[in-house]
Amino acid sequence: MEPNRTMRAWTHTRAGLPGDVLALSSLPVPSITSPTQVLIRITYCALNPGGSIIMQLLPFFFRTSPAIPETDFSGVIVACGADVPSERCLQVGTEVFGSILVGQHVKSTSGALAEYVVVDCSMVVRKPAGATLEQVAGLGVAGATALETIKGAKLKKGDSVLVNGASGGIGHFIVQICREEVGETGKVVAVCSGKNVEWVRELGCDEVIDYNSHAPVTAYLTEKYSGSRFNAIIDAAGIQALLLSCPSFLAEGKPYVSVGPRPSGYTYGAMLATIGQMAKNFLWPSLLGGVPRPYVQVAATANRESLEALAKLVEERRLRVVVGFRTGFEDALQAYNRLLSSPKGKVVVQVQS
């Protein structure tokens, strides 16, 4: 199957908000330049907050212009390099999902919000049986981050864990994997907004707390769990107030695992303030008012190991992807509007059928 010579892609030539800088463009279809690369006809692109941060803040002094946003995708292989290992079972017509390395994304016209992409074969895996291309598009960065938070939490059977931001793109993966880690004798408590309580409960939570109904939620957690404190807290939303209050409901010596403080906005000033807060969370001693609990912050990009682990979890029906919002390729700006408003599950764009 030969691809078209040109493709549609959303591109930008300056940093800024999606609605201000993105334009639907026509570009040459990328070519395979390495014998271990594959050319993918993209079916779905999944949006991530990190992709939006790169679009809005990374100056074009550091990147190729025009740039195509986003890194996570699913689709069909349409061409393979000569040295793609046969044991990978990747060939023309194979349905796959994967992610674009940040270095490739920044230094070339390579992004997932386009009809085609070329990546090394190590950055894609076969779509697991029983899942759709729409679902697996969202696994890459969010799934890899979820796996890293679980490692940081060091959970074991019978443990209790609190997951904040449980309805988000990363959080809804975390609660499911936590359920696997702590087992039936353990306890998974989730925090999210009231509109998401029921479906989050169905992911395997023992209790789901609506932070609006129990505001301030830190006071509620203190009242209910000060006598049986958690073995770990995983914060997928980056709420600083939860960290500051956690000694009341997190056992001594147990980790507070975070994806990082939530920035107040996507501006250089806001990001600098967030970096400062990160440093304080790591370094500020408890004697000077720091939180007396181990602080673990994770950041992850997808790789073959994480992609294969996620595919196995999905195929064994131990992990499912909740797509909370989907839109067509021409309406991709609507997907960014939804992404920036704390959506349910994953936000995906259907690039083509």
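Axes here are lines fitted to C-alpha atoms, for helices over the stretch in contact, and angles run from 0 to 180 degrees between N-to-C directions. Helices (H or I, at least four residues) and strands (E, at least two) are DSSP runs, numbered from the N terminus. This is a predicted model, where local features need pLDDT of at least 70, side-chain atom pairs count only at pLDDT 80 or more, and totals for chains, interfaces and linings use all residues. Residues are numbered from 1 along each chain as its sequence is written, and side-chain values use heavy atoms, leaving out hydrogens and water.

**View 1. Helix α5 crosses helix α6.** The axes of α5 (residues 140-153) and α6 (residues 171-182) come within 9 Å, crossing at roughly 40°. That makes the two helices oblique to each other (under 35 degrees is roughly parallel, over 145 roughly antiparallel, 65 to 115 roughly perpendicular, and the rest oblique).

**View 2. Here is where α5 and α6 touch.** On the α5 side you'll find A142, G143, A146, L147, T149 and I150; they meet F173, I174, I177, C178 and E181 of α6 (contact means heavy atoms within 4.5 Å).

**View 3. Six strands make an open sheet: 6 strands, paired in parallel.** The order runs β10-β9-β8-β11-β12-β13 (strands pair if DSSP finds at least two bridges between them). β10 (207-210) and β13 (295-297) sit at the edges with a single partner strand each, so one side of each has no neighbour in the sheet. From one strand to the next, the twist averages 20°.

**View 4. β8 pairs with β9.** Strand β8 (residues 160-164) runs parallel to β9 (residues 187-192) over 5 bridges, and L162 has V189 in β9 as its bridge partner.

Technical notes:
A crossing is left-handed if the near helix is turned anticlockwise from the far one by less than a right angle, and right-handed if clockwise.
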